[in-house]
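The sequence and the model are shown here.

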Amino acid sequence: MGGSAPRRVHQPPVETTSFVDRRDELAEGRRLLATARLVTLTGPGGVGKTRLAGRIAARVERAFPDGVRFAHLAGLHDPALVPLAAADALGLHDHSEQPPLDTLVEQLRDRRLLLVLDNCEHLLSACAELAAALLHGTSGVRILATSRHRLALTEEHLLDVRPLPVPDPDSDLSAAATYPALALFADRAAAVAPGFELTPDNRAAVARLCRRLDGLPLAIELAAVRMRVLGVDQLVARLDDRYRLLTTGSPAVLPRHQTLRAAVDWSHELCTEAEQLVWARASVFAGSFDLEAAEAVCADTEADSAPDTAGRADERHGTGDGTGGGKGEGKGAGTDDGTSIGDGKSIGVHPQDVLEAVAGLVDKSVLSREGGPGTARYRLLDTLRHYGLDKLRQRPGEESAARRRQRDWAQEVAVECERRWFGPGQREIVARLRADQDNLRAALEFSLTVPGEARAGLGLAGTLWFYWHACGAPREGRYWLDRALDAHPEPTRERARALWVAGLLAGCPEDLTRGRHRAEDARALARRLGDPAEVAHAEYLLGLMALFGDDLPAALDHYEAAVARNPVDGQLPSLAVLDQVELAASLAFLGHTDRAVQVCEDAHRLCEEHGEEWVRSYVLRVLALAYTERKEWDRAEPHARDALRRKLAVHDVIGIGLTLDLLVVITAARGAHERAAVLLGGADRVWAGIDGNRFGSTTYNSARKESETRVRAAVGPGVFDRAYRRGGGLGLTAIVSYALQEAGRPVVPGPRRADGNPHPDSGRGDPRLASLTRREREVAELVAEGLANQQIADRLVIARRTAEGHVERILGKLGFSNRSQIAAWVSARR
């Protein structure tokens with residue numbers, strides 16, 4: 001029932017700075033994971049649990065045939081989303097109506113993998129329930145969690161992540177560089193003060209500073225930023241001033257929490273007033289964000305109070321370098337709690353000021369900069385995000401205003417992406433939405449929990465139909481749509497849209513009945529509202545229900561009428577062309593193959609004119625189906641392969657499953673029985689993550705079952721079972737790569753033209769392998785493992801810049817534009 005998208009790789013966060021030595025914790029983490037199935041890294045905020053988890057996971061990855069996946073939970077607030085986030089991290093697609101934990105356990109029962117649950121402390125009960133279900137229901141799944149608090153399961157083994165050890169400043173410091181805390185400070189200081197290094201003259205002061213900061217990595221990093229304008233002795237003196245102020249606080253606060261709060265307070269006071277306000281407003285982002293999002297959310301709008309333009313001019317031209325001394329080091333900083341007061345008025349931020357504020361926050365290590373789909377993205381560490389929220393809540397009305405702007409921004413992004421969906425750049429659109437997934441969730445949560453906002457939430461959930469459907473996230477889409485439909489029962493266009501989208505996301509046989517009812521309700525409401533576009537959308541879904549429900553004559557009549565009618569004003573172009581695709585499928589299944597081919601060719605031309613790939617992959621699959629029905633294997637197979645390539649490129653998991661089933665039929669018919677058995681095993685593994693019963697459709701199941709019977713009889717049960725198990729052991733990319741091979745000869749994904757077709761230079765037997773040096777081949781292998789440049793540098797004991805150079809040369813020699821293509825190329829060669 002459709003689905004596509006380049007998926008976000010669920011790997012540890014990209015390391016943008018070096019990783020200080022934690023060899024004891026690394027060794028202990030590996031030892032615990034070798035014997036225990038649940039290991040939790042505990043420790044205070046800012047101590048480095050997430051980075052340590054990423055390093056441990058990288059060290060043990062080879063022990064897990066089904067890989068290591070990260071579920072990033074910091075941006076989640078609803079416990080009900082925890083199992084869905086885990087399934088998403090694992091690349092599993094659930095269309096069933098059974099409890100999500102039950103489905104997750106069922107799909108992972110035979111897998112051997114490591115699941116990292118990062119930032120569990122605010123969702124402890126849900127994370128504990130997830131961990132318990134996986135531990136009791138599977139035998140090959142292990143869990144590495146990070147949390148400020150234990151999960152409290154009997155199977156849990158704890159690894160306390162302590163602050164970095166610091167030497168006594170008055171002791172022998174000849175081996176100071178061997179202490180991780182001092183090494184971390186020196187590394188970060190050198191980044192802002194080139195040439196800085198530990199020397200006999202400064203190492204006692206550095207040790208005193210790191211000791212004052214309790215060895216907390218985040219506190220040390222924030223302090224090191226000041227080396228741009230201050231010396232180490234000055235830093236120590238000023239930090240002592242901060243701690244004298246801190247002693248007036250609550251004695252009930254743990255010393256390390258006081259330490260981190262002092263370091264963050266100090267960083268906050270170093271910021272200009274505009275930077276402080278952008279920091280506070282950016283804290284409503286649940287995940288990373290780009291500059292466009294920051295400008296939309298962090299700047300004042302006409303509805304906000306008038307900004308203090310004179311004060312803004314002062315702070316914009318101020319240095320904010322902390323040279324003013326005392327507790328007001330940043331220009332405009334005033335009160336002891338860091339609240340900006342300026343001249344007594346509330347400062348505003350204009351959109352043109354946001355870039356400068358973001359740059360200042362990056363310079364001060366408040367925002368971390370990371371790569372993203374097509375643009376730079378920024379992220380607040382969880383500790384700094386919560387701090388920003390505290391500051392935001394001190395300003396009456398600011399939090400609700402910022403969250404409303406964030407929701408409005410999410411709506412604008414969704415509408416623009418939907419408008420551009422039928423055209424070039426689909427991969428980039430989905431990559432962007434996946435990067436903003438946590439922010440979309442935050443926008444939906446705000447809309448569905450604040451009175452008067454439910455209609456906007458319903459509209460956002462419905463506009464994202466292609467995201468829920470195409471990204472293989474039907475379960476989460478249904479979750480938001482069901483909540484939104486309950487919250488907004490009024491008869492509106494948003495409700496009509498949400499009803500058919502909820503039906504579209506139905507997948508299992510039990511749910512198809514409810515999906516049909518939803519589509520019928522959507523059609524009835526759209527007719528009442530006089531909205532022909534939403535009527536057409538609901539009717540597309542009703543025809544699809546007939547097709548998968550094995551009522552082929554009804555499906556044929558339905559789509560004949562839809563295509564003859566021509567698209568109505570406002571109809572989504574993707575669904576209008578899919579009307580033609582489903583018409584062609586109905587024709588092919590009923591034996592009218594000549595017309596099916598003609599309809600496909602017309603639809604294919606339309607897709608080519610618009611540079612569209614997702615619908616085109618379905619056109620190609622149905623074209624292969626038509627030739628399969630005619631037993632023209634030589635014509636069917638190339639179209640099926642082309643469809644499969646495109647579906648892998650946009651990660652259309654359901655489409656991959658349907659196309660693999662078709663290739664099983666073609667391969668078996670051509671007599672390559674053992675190969676067909678491998679494809680059967682791989683196809684069944686793909687479908688196990690969706691619906692092993694193929695939605696209960698006889699139409700889509702019968703040819704595949706007949707082929708299995710033929711292949712088993714041809715090779716015998718022993719050979720069949722071995723080949724089937726081999727296919728079942730391959731991951732998604734690997735089974736697609738296998739399916740794209742000709743007998744004994746791999747088809748390597750080569751460079752592609754702008755229209756998505758293979759570049760003339762791409763081909764079989766790939767001579768480009770010889771162009772890579774031995775080290776470049778090593779780096780390519782590590783890229784395929786999902787390692788970032790810093791991780792590659794650490795693994796090969798080379799400089800980060802050297803690793804970056806190797807990756808750039810590999811991309812150039814292979815004619816690729818991104819790391820994912822390198823990974824696919826390596827996988828194909830394997």
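Asp168 sits in the loop that runs between strand 5 (156–160) and helix 6 (180–192); helices (H or I, at least four residues) and strands (E, at least two) are DSSP runs, numbered from the N terminus. The model is a predicted one, in which local features need pLDDT of at least 70 and side-chain atom pairs count only at pLDDT 80 or more, while totals for chains, interfaces and linings use all residues. Residues are numbered from 1 along each chain as its sequence is written, and side-chain values use heavy atoms, with hydrogens and water left out.

With a relative accessible area of 35%, Asp168 is partly exposed. On this scale buried means under 20% relative accessible area, exposed over 50%, and partly exposed in between (1.4 Å probe, protein chains only). Not counting residues up to four places away in sequence, Asp168 touches Leu173 and Arg211, where contact means heavy atoms within 4.5 Å. The C-alpha atom of Asp168 is separated by 7.0 Å from that of Ala207, 39 residues apart along the chain.

Thr146 belongs to strand 4 (residues 141–147). Thr146 is buried, its relative accessible area being 1%. Residues that Thr146 touches, leaving out those up to four places away in sequence, include Leu41, Lys49, Leu117 and Cys120.

Arg675 lies in helix 31 (residues 673–688). Arg675 is buried but has no salt bridge, and the nearest side chain of opposite charge, that of Glu637, is 5.8 Å away. A salt bridge requires a side-chain nitrogen of Lys or Arg within 4 Å of a carboxyl oxygen of Asp or Glu. Lys and Arg count as positive, Asp and Glu as negative; His and the chain ends are not counted. Apart from neighbours within four places in sequence, Arg675 is in contact with Arg641, Thr667, Tyr738, Ala739 and Gln741.

| Side chain | Backbone atom | Distance |
|---|---|---|
| Asp168 | nitrogen of Asp170 | 2.9 Å |
| Thr146 | nitrogen of Asn119 | 2.8 Å |
| Arg675 | oxygen of Ala739 | 3.4 Å |

The protein chain as a whole has 38 helices and eight strands. Of its 830 residues, 59% are buried. Among contacts between residues at least 6 apart in sequence, 74% join residues at least 24 apart.

Technical notes: Polar contact = N/O pair within 3.5 Å; in protein donor to acceptor, adjacent residues only side chain to side chain.
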